[in-house]
Amino acid sequence: MNVLILGMDGYIGWGLSLHLAAKGITVSGIDNFSRRRHVEEVGSWSAIPILSMSDRLSVADRLYPGKVSFIEGDILDFDFLTGVLKRNRPDTIVHLGEMPSAPYSMIDATHAFYTQQNNVLGTLNLLFAMRDYSPEAHLVKLGTMGEYGTPNLDIPEGFFDIEYRGKKANLMFPRQPGSFYHASKVHDTHNIMLTCKIWGLRATDIMQGVLFGTRTHEINASKNPETATRFDFDEVFGTVINRYCAQAVIGYPLSIYGKGGQTRGFLSLIDSLQCLAIACENPPEKGEYRVFNQLENVYDVTTLARAVQRAAGRMGISVTLDHTVNPRKEAEEHYYKVDAHRLPKLGFRPTRTLEQELDIMLEDLIGFTDRIRQKQSVIAPRTTWDGKGPAMPVSQQNSFSEKPST
Ligand code: USQ
């Protein structure tokens, strides 16, 4: 199999490149390095240092000779993209090349516009390029569980049976995104579904839960720092468990937004790679549009904060929980139940328990407390959904003055 990864330099993209190469799969990648620039723009950096792409490629070539290649470019450039498809003739295209942060998309009109232009038009470009140059290839597209929102109903895997005024149909389950970022993924979903129908493309649209983790089968930042993938903890690009873990190692109160009953599906990085590999290895039929709900477990953000607090305690670090003002507009207590049957049917099995994963994360992060402390000012939430930020009262922002208890 010959896999093209859009967004090779990202948190998942680099991990997936090494994971597929380790399986003997030939991987080529594209990236425009926008993630590195955006994290810098919000004043942060990856807690775990990462190599430049050229150094990453040397490491990959040493570990998996001849398996990983890369070309810098932007998928919004149609000629560039079609050139890559013509040359590489991929069997599978994994599309991770989008701006992934809800808060970034809510900063202001410019950031919302950028997010939707980059994500929606990038995907549209890809769909046209596939129609013309790779119509047989399998598109594995990273969507998000956030496309469904929190509907107060069981969430099916993409489609559901409905009866309305005496007639029955199987329709796409309603999408209720909670940010301009999540909305961009909904727009992608509609465009991908349309092109499967009208052009006969084949696609797996992955509704992925919130990711967390540092270590995969191929990546171990503690033992071999050269393999590391990025790890963001700032209020814009850090996801909630990753943020809690970075906060814990510096003894910073864990930032539960609002009441803390927000409930989501979660998935470790190592298992995201496992699931994406399964999707690649099991393509749908020509013309088929299918949806995988990709998650391991459902938790609310207070339960998770307590789990991180206990994990930190096992390392001798004492941390408190802090209910900060919620910068987002979202349900803080709600029903949440999700179907996720398709990946387990294809062989997906969770690799580690939450506790094992948290222990590993804290062990990997403890060596980088200085880097996290240096960027402590970007931990508190400032980007608000109503544009009136910062969310946290200044008095509260300054209240963190205790000496870290590491
Ligand atoms: N939250 C906190 N404290 C924090 C950070 C977040 O309580 O310090 C809460 C948020 O209010 C939210 C929940 O945790 O209710 C999840 O927030 P998040 O920032 O971890 O995740 P989200 O913004 O939903 O986006 C992330 C990824 C995105 C992916 C999505 C999957 O950034 O790329 O699509 O997770 S999902 O959430 O299932 O839509």
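In which strand does Y164 lie?

Author: This is a predicted model, in which local features need pLDDT of at least 70 and side-chain atom pairs count only at pLDDT 80 or more, while totals for chains, interfaces and linings use all residues. Residues are numbered from 1 along each chain as its sequence is written, and side-chain values use heavy atoms, with hydrogens and water left out.

Y164 lies in strand β7, residues 159-164 (strands are DSSP runs of E with at least two residues, helices runs of H or I with at least four, numbered from the N terminus). Y164 has a relative accessible area of 55%, so Y164 is exposed (over 50%; buried is under 20%, partly exposed in between, with a 1.4 Å probe and protein chains only).

Turning to the aromatic rings, a search of the whole structure finds eight aromatic pairs (ring centres within 6.5 Å; planes under 30 degrees apart are stacked, over 60 edge-to-face, the rest tilted, with the six-membered ring taken for Trp). One of them is the edge-to-face pair of F128 and W199, with 4.8 Å between centres and 70° between planes. This pair joins distant parts of the chain, from F128 in helix α6 (residues 109-133) to W199 in helix α7 (residues 180-199), 71 residues apart. F128 is partly exposed at a relative accessible area of 32%, and W199 is partly exposed at 24%.

A tilted pair is formed by F266 and Y299, 6.1 Å centre to centre and with 50° between the planes. It likewise links distant parts of the chain, with F266 in strand β12 and Y299 in strand β14, 33 residues apart. F266 counts as buried at 1% relative accessibility, and Y299 counts as buried at 17%.
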